[in-house]
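Dear colleague,

Here is the structure, for your files. My notes on its surface and salt bridges follow below.

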Amino acid sequence: MKKLGIIFLTFIFFFLQFSLPAQNARKSIVAVPVNTPLKIDGILDEEAWANAPLAGDFIQRKPYNGAPATFKTEVKFLYDNTGLYVGATLYDPSPDSILTQLGLRDAQNLNADYFMLMLSPFDDGINAFCFAVYASDVQADFKIPGGDSYLEEDLSWDAVWHSKARKNEKGWVVEMKIPYSAIRFPRQEIQHWGINCQRDIRRYRENSSWNFVDSKIEGYVNQSGLMEGIREIRPPLRLSISPYVSGYVEKNPENPDWQFTYNYGADLKYGIDQSFTLDMTLIPDFGQVQSDDKIYNFTPFEIQYNEKRQFFTEGTELFNKTAIFYTRRIGGEPKGYNLVPDSSEKVIENPAQTRLLNATKVSGRTKGGLGIGVFNAISGNTWAEVQDTITGVSRKVLTQGFTNYNMLVFDQALKNNSYIDLLNTNYYLADSGYFANVTGTDFKLANRSYTYAFMGDAFISQKYYSHAATDLGYHYSLAFGKISGNFRFTYNQLLETERYDPNDMGFNERNNKFNNVLVLNYNIYEPFGKFLETENSLRFAYNCLYDGFRYTSFTINSESLLTTWKHLTVGGRLNLTPVESHDYYEPRVPGYMYVRPADYGISPWISTDYRKKVALDLLPAFYLSTGYKASGIGITIGPRYRVSDRLLLIYRLGYENFFNDVGYVLDSTDAANNTVILFGRRDLKTITNVFSANFMFSSSMSIDFRLRHYWVTTPYYSFYRLRDDGHLDPVDYRQNQDLDYNLFNIDLTYIWNFAPGSQLSLVWKNAINTVSNSVDNSYYNNFNEMVGSPASNSFSIRVLYYIDAMYLKKKRSSE
């Protein structure tokens, strides 16, 4: 078996190395030096623009991949020691028809034309910076950290750069300046950058690029053109500081009196050289971050929520390549948050987040393509306060002591848009002397034509206790597949031991697994019949425990998507578990297993054209199980109404009802000290209402309103005891386990970006959380009772000001 494995890997290596290339011709453009700084006003009237070579002859990516663009586009490039200038003329015979919906910076799916510049300064075919300007003069920027698709961008990245979009009688013009402080590039005299320009004509849903992007070839950055001409630049000092001050007036059900608090701190960025940057946040404040869309957790697994704190989303692409780094652990819920006070005490204060003191990132890439990332964060002691209900005496309880978080990454870019990484996370809890380490590698090796790839990762987790034995666990994932063309496939094998645990700094829903997955895809990228494109996938998964390789489940999933000429998108998902599954986690007690009956689910969906004033997303769902007469229905309705280019209204209603759903209730021991695991049959109904409104005063000022009400009810009808063989026996159990749970949130936000990198924000946050074992099926009655419950309220103001050291230096020298 070992010899067969060596032969297999050897075959893959030679196959990847010697597959014949099939790349498209690569365009090139020369950037011209300029001695005088240009005014960024959307008018290309400076003499330097007239002498610059132009990049033209754009080629469609959609809808006709490979056809010439409908309208002419011309782009020119200039540079000096401070940055790169871009001048784009986007011709359009009907300027009045150019769509110009307003939105705040980084807004997605604006109903507006846009121009985008993609820069890959290391020309590695993997990493890129993207800068987009809408015809409505709205900026957007993001990073592409993995090269595979510009649809997998890191939208949280924000740089300080300058742009102006302006309509004229020929169409519209974009003028941009990208300071060198906004990007990273090799430390060498002569620069060769990967580059592409992209234009979107919204009313035609036409997307075109300067260097042809073949939809049949996987990846976007690897299909860029080449920029030459930039040489002997002497970038200025890259140093900026963004101090902030914030104030809060808050109250909550535990502390009904209004409390005033204030915070101050700063974010600092320092360019160590052209390639490496230090980012630091001192005494950060994340109180204005949008509320999480939390749900009630009926599963035995932790729920993963998205990161919304800017410092932990911006510039973290090196650290976020695998699941061993989950930034919500940092400054997250204290280890001892669920404290149980003495019988005569009550909790009067219990912070839900640890007190983060500072966090630092150093990251960059050498001219040899080696990316290096170092991350450190420190949180201080976090205390809860409990009070004796008899004496009134209060005491503090340490819920998490001083904690140090570290991560180190080495990411080597290889030829053929491949890479290999070495990663390590280290977690230290000072008061208990506890250490946790995860170390491993992540890689992707593709052939020359970028049609096949061998991918994978491997990690070891180590936990060190001051008075206990060390825990060791292992994980690996290996995959091989065809990654380009109409037909694609991937076969993946994943193994994790029962002691593998990266969750001190990472996220892993469960360990102890051995999974084998085959995914087949067939996509058509060119229009055919009444359709523009179609994507189809079929997935087979056979899953086991690592411990004894005991069977857990076999699933089949398929998904299809079709887009019509009228930009009506239709699709559907089919989920099959054709045979019973063995669930070793739902019982919540090690050594027990629940036999789940086979089940089937189907969910068609439709999405109408977002260019229209009124659009609709519709997703019905149906579910059927072969056991306990279980079934389910659901529907998601999402209308949206664009009142004007300034005002957008979106509503989403989600309804799910699983009838006769069976799940865990509790576990205990009987008089003979035998384990008793109780399951229940219930109707699990969930209704979610989300309404949002966005009004744009201008491209730099907006007000956003978002309301979400989440309601779940579970009336129980019968109870069962779990047998040793995984099946259920009816049991006479009369205690009330019904659940009625509400979560209500309002976020009202005013934002004014009054200068590049500077912002004033006013936020009101309202939250209500109720739980009861009395179920009322009337939505109206439940809502009225819920809104009358005690609520948390927070009013806050925050001012952030961006200070560039070079600006201060110039101002001082001019005095």
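**Nonpolar patch and salt bridges**

Strand β16 gives the largest share of the nonpolar patch, four residues. This is a predicted model: local features need pLDDT of at least 70, side-chain atom pairs count only at pLDDT 80 or more, and totals for chains, interfaces and linings use all residues. Residues are numbered from 1 along each chain as its sequence is written, and side-chain values use heavy atoms, with hydrogens and water left out.

A patch takes residues with over 30% relative accessible area and no salt bridge, joining like charges within 9 Å and nonpolar side chains (Val, Leu, Ile, Met, Phe, Trp, Tyr) within 5 Å. The accessible area of the nonpolar patch is about 1100 Å² together (Shrake-Rupley, 1.4 Å probe; for residues, only the protein chains shown count as cover). Two or more residues each come from β15 (239-252), β16 (255-271) and β45 (792-800); strands are DSSP runs of E, at least two residues, and helices runs of H or I, at least four, numbered from the N terminus. Trp258 sits in β16 and is partly exposed at 44% relative accessibility (buried is under 20%, exposed over 50%, partly exposed in between; 1.4 Å probe, protein chains only).

There are 38 salt bridges, meaning a side-chain nitrogen of Lys or Arg within 4 Å of a carboxyl oxygen of Asp or Glu. One joins Asp411 and Lys321 at 3.3 Å, N to O. Asp411 lies in strand β23 and Lys321 in the loop between α3 and β18, 90 residues apart. Asp411 is buried at 3%, whereas Lys321 is partly exposed at 25%.

Regards
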